[in-house]
Amino acid sequence: MLSRVADSIYWLNRYVERAENVARFVDVNLNLLLDSPSGVSQQWEPIVLTTGDLPLFQERYGEATAESVIRFLTFDGDYSNSILSCLRSARENARSVREIISSEMWQHVNSFYLMVTEAAQSKTLQDLSSVLKFYEEVKMASHLFAGIMNATMTHNEGWHFGQIGRLMERADKTARILDVKYFILLPSVNYVGSTLDELQWMALLKSASAYEMYRKRGQHRISPNSIAEFLILEQEFPRSIRFCIMQAERSLHQITGTPVGTWRTSVERSMGRLRTDLDYLTIDDIIDTGLHEFLDNLQIRMNDVGDKMFETFFALQAAS
């Protein structure tokens, strides 16, 4: 497969997944405000911190309020990771490979982008219910794209590149939202174990669509360690970090033809080591290391996998 095509399909899926995850971050914070006890101040800065772009936000908007954060993360066309910008980039990548992807995929990405563009230009998102409905539509449109791709595109190399893009983006965002909750969201250590703390952990699960599956696994207590274990190490839940890395590695080996457990390229080696480490970790190992330190290292390693994906498969395009 041409490196240009592989690169575009990979980033098409990353951008759609990124748009969905930004919608999840904002949506869960809005719902948290509805459930929080009276007198608890709204916290919007941690949501921007999740993206890693807090300095840029402060430079352009100053104070983190509901209105400024929602505009920055959702409709700011000059911010590369806003929902609007992600879908613009997804649409451009889809356009460049229209001869490879299905027509249904192209039509849906185009409609998705136009839906967000119209929302950015309209004055309808003035009340909380309409804002919440909009973010729900963004999440559902992302799910629909994944379903359309699975149902209408041949599961060949291109499809596997798309899978890797989606799964690596999802794993990264799960790590980020877990890290922000554990260290930053509570206004004081005195709140640990409080009603607010429990509400925030529930909100975290809901942001990953994990609340019901966590409960159905028999976890009836809202325990930070159990939640971290579920979102990091659960091998059957599709938004857990371990699941994402496992499935991404399988797609990688489908592309290279190298048997799982062996490697010929640097990206196979990095991905394999990461997956193996997650296979043998326990939540006690993670807590002993420090959850923040573990997640920080995990994000560095996932970024390294992304860099090696570029070097192995996409750099040929830049060199040509």
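Glu-249 and Arg-275 are both buried, and by buried I mean under 20% relative accessible area, with exposed being over 50% and partly exposed in between, using a 1.4 Å probe and protein chains only. Their side chains meet in a salt bridge, 2.6 Å from N to O; the criterion is a side-chain nitrogen of Lys or Arg within 4 Å of a carboxyl oxygen of Asp or Glu. Glu-249 sits in helix α12 and Arg-275 in helix α13, 26 residues apart. Helices here are DSSP runs of H or I, at least four residues, numbered from the N terminus.

Quick caveats: this is a predicted model, so local features need pLDDT of at least 70 and side-chain atom pairs pLDDT 80 or more, while totals for chains, interfaces and linings use all residues. Numbering runs from 1 along each chain as its sequence is written, and side-chain values use heavy atoms, with hydrogens and water left out.

Okay, next pair: Asp-279 and Arg-242, a salt bridge at 3.2 Å, N to O. Asp-279 is in helix α13 and Arg-242 in helix α12, so this pair ties together parts 37 residues apart in sequence. Arg-242 is buried at 14%, whereas Asp-279 is partly exposed at 25%.

Now over to Asp-76, which bridges to Arg-60 with the closest N and O atoms 3.0 Å apart. Asp-76 lies in the loop between α4 and α5 and Arg-60 in helix α3, so parts 16 residues apart get tied together. Asp-76 is buried at 6%; Arg-60 is partly exposed at 36%.

Note on methods
Helices (H or I, at least four residues) and strands (E, at least two) are DSSP runs, numbered from the N terminus.
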